[in-house]
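Subject: Two-chain model, handover and findings

Hello,

Here is the model you asked for. My notes on it follow below.

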Amino acid sequence: MLDPNAIRERILGTLPGSEVVVNDTTGTGDHFEARVVSPDFAGKSMVQQHQLVYAPLQDWLKSGELHALALKTYSPEQWKKLGSR
Amino acid sequence: MTTPAMNPEIKARFDKEVNSHPIVLFMKGNALFPQCGFSARALQILQQHGEVHTVDVLADPAVRQGIKDYSNWPTIPQVFIHGKFVGGSDILMELEDRGELAELVAGKSPA
């Protein structure tokens with residue numbers, strides 16, 4: 001069973017300076033959703049942005065410990081455009 | 001984007017598979033019996049845009065792991081449109097929200 005904070009810490013480890021919010025969507029410690037706003041996402045495609053978030057979580061994804069991670073990724077610019085939606 | 005260490009035979013097999021139809025979905029289960037909510041949702045979205053060729057990754061462990069290496073993407077479902085990797089269910093929903101999915105299927109290059 002994973003803790004949202006553990007996921008958050010790993011993402012922050014590879015994407016320092018980003019804003020990361022992780023929630024356990026089912027309360028079962030294996031389905032999560034995350035929103036990541038990172039300056040490293042600027043100019044990257046959605047696929048590339050998601051790959052950057054998945055990278056530090058590979059072993060958990062591989063083992064199945066982390067079954068699902070619904071992702072929303074934004075560069076600070078993209079996030080600003082969305083306003084406080 | 002593919003792993004250089006990937007077996008060329010398996011890579012060729014995936015190259016062929018993703019180009020076999022305009023819309024190809026690697027999913028858990030099949031169109032009649034999706035085995036995962038994310039796969040079911042991806043299928044549902046794609047079916048609004050045309051015929052979807054599905055590949056059941058649960059039917060073959062080599063495909064289940066192989067497709068992840070092929071696209072450098074750790075989760076299922078995975079969507080390919082006109083042979084190009086589009087993403088997983090989140091990206092698919094995002095593209096649908098933005099109205100860009102129809103353009104991709106129509107063969108227009110993404111924004």
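What radius of gyration would a compact globule with 85 residues have, and what does chain A have? The globule would come out near 12 Å and chain A has 13 Å, which agrees. The radius is taken over C-alpha atoms, and the globule rule is 2.2 Å times the number of residues to the power 0.38.

Before the rest, the ground rules. This is a predicted model, in which local features need pLDDT of at least 70 and side-chain atom pairs count only at pLDDT 80 or more, while totals for chains, interfaces and linings use all residues. Residues are numbered from 1 along each chain as its sequence is written, and chains are lettered from A and ligands numbered from 1 in the order in which they are written.

Chain A

Chain A has 4 helices and 3 strands, in the order α-β-β-α-α-β-α from the N terminus. Helices (H or I, at least four residues) and strands (E, at least two) are DSSP runs, numbered from the N terminus. Along the principal axes, the C-alpha atoms of chain A fill a box of roughly 35 × 25 × 20 Å.

Of the 85 residues in chain A, 26% are buried. Buried here means 20 or more other C-beta atoms within 10 Å of the residue's own; 12 or fewer is exposed, in between is partly exposed, and C-beta atoms are placed from the backbone. Among contacts in chain A with a separation of 6 or more, 52% are between residues 24 or more positions apart. A contact is two residues whose C-beta atoms, placed from the backbone, lie within 7 Å.

The 3 strands of chain A form an open sheet in the order 1-2-3, with mixed pairing. Strand 1 (19-24) and strand 3 (68-74) of chain A each have a single partner strand, so one side of each is left without a neighbour in the sheet. On average, neighbouring strands of this sheet are turned by 15° against each other, direction ignored; axes are lines fitted to C-alpha atoms (for helices over the stretch in contact), and angles run from 0 to 180 degrees between N-to-C directions.

Strands 1 and 2 of chain A pair in the antiparallel sense over 6 bridges; two strands count as paired if DSSP finds at least two bridges between them. These two strands form a hairpin with 6 residues between them, and Gly27(A) in the turn has a positive phi of about 75°. Strand 2 (residues 31-37) and strand 3 of chain A pair in the parallel sense over 7 bridges. Val36(A) can be followed across the sheet: Val36(A) is the bridge partner of Val20(A) and stands opposite Thr73(A) in strand 3 of chain A.

Chain B

Chain B has 5 helices and 4 strands, in the pattern α-β-α-β-α-β-β-α-α. A compact globule with 111 residues would have a radius of gyration near 13 Å, and chain B has 13 Å, which agrees. The C-alpha box of chain B is roughly 35 × 30 × 20 Å along the principal axes. Buried residues are 37% of the 111 in chain B.

Cores

The largest nonpolar core has 28 residues, and those with the most contacts inside it are Leu25(B), Ala42(B), Val79(B) and Val86(B). A nonpolar core is a set of buried Ala, Val, Leu, Ile, Met, Phe, Trp, Tyr and Cys residues joined through C-beta atoms within 7 Å. Strand 1 of chain B gives the most to this core, with 5 residues. Beyond its neighbours within four places in sequence, Leu25(B) is in contact with Ala42(B), Leu43(B), Leu46(B), Val52(B), Thr54(B), Pro77(B) and Val79(B). Another core, of 16 residues, lies apart from the largest one and includes Ile11(A), Val37(A), Leu57(A) and Leu66(A).

Where the chains meet

In the interface, 9 residues of chain B are in contact with 11 residues of chain A. Helix 4 of chain B supplies the largest share of chain B's side, 3 residues. By class, that side has 4 nonpolar, 3 polar and 2 charged residues; Ala, Val, Leu, Ile, Met, Phe, Trp, Tyr, Cys and Pro count as nonpolar, Asp, Glu, Lys and Arg as charged, and the others, Gly among them, as polar.

The buried residues of helix 4 of chain B are Ser89(B), Asp90(B), Ile91(B), Leu92(B) and Leu95(B). Their cover includes helix 2 (46-54) and strand 3 of chain A, together with helix 2, strand 3, strand 4 and helix 5 of chain B. Just after helix 4 of chain B, Gly99(B) has a positive phi of about 75°.

Regards
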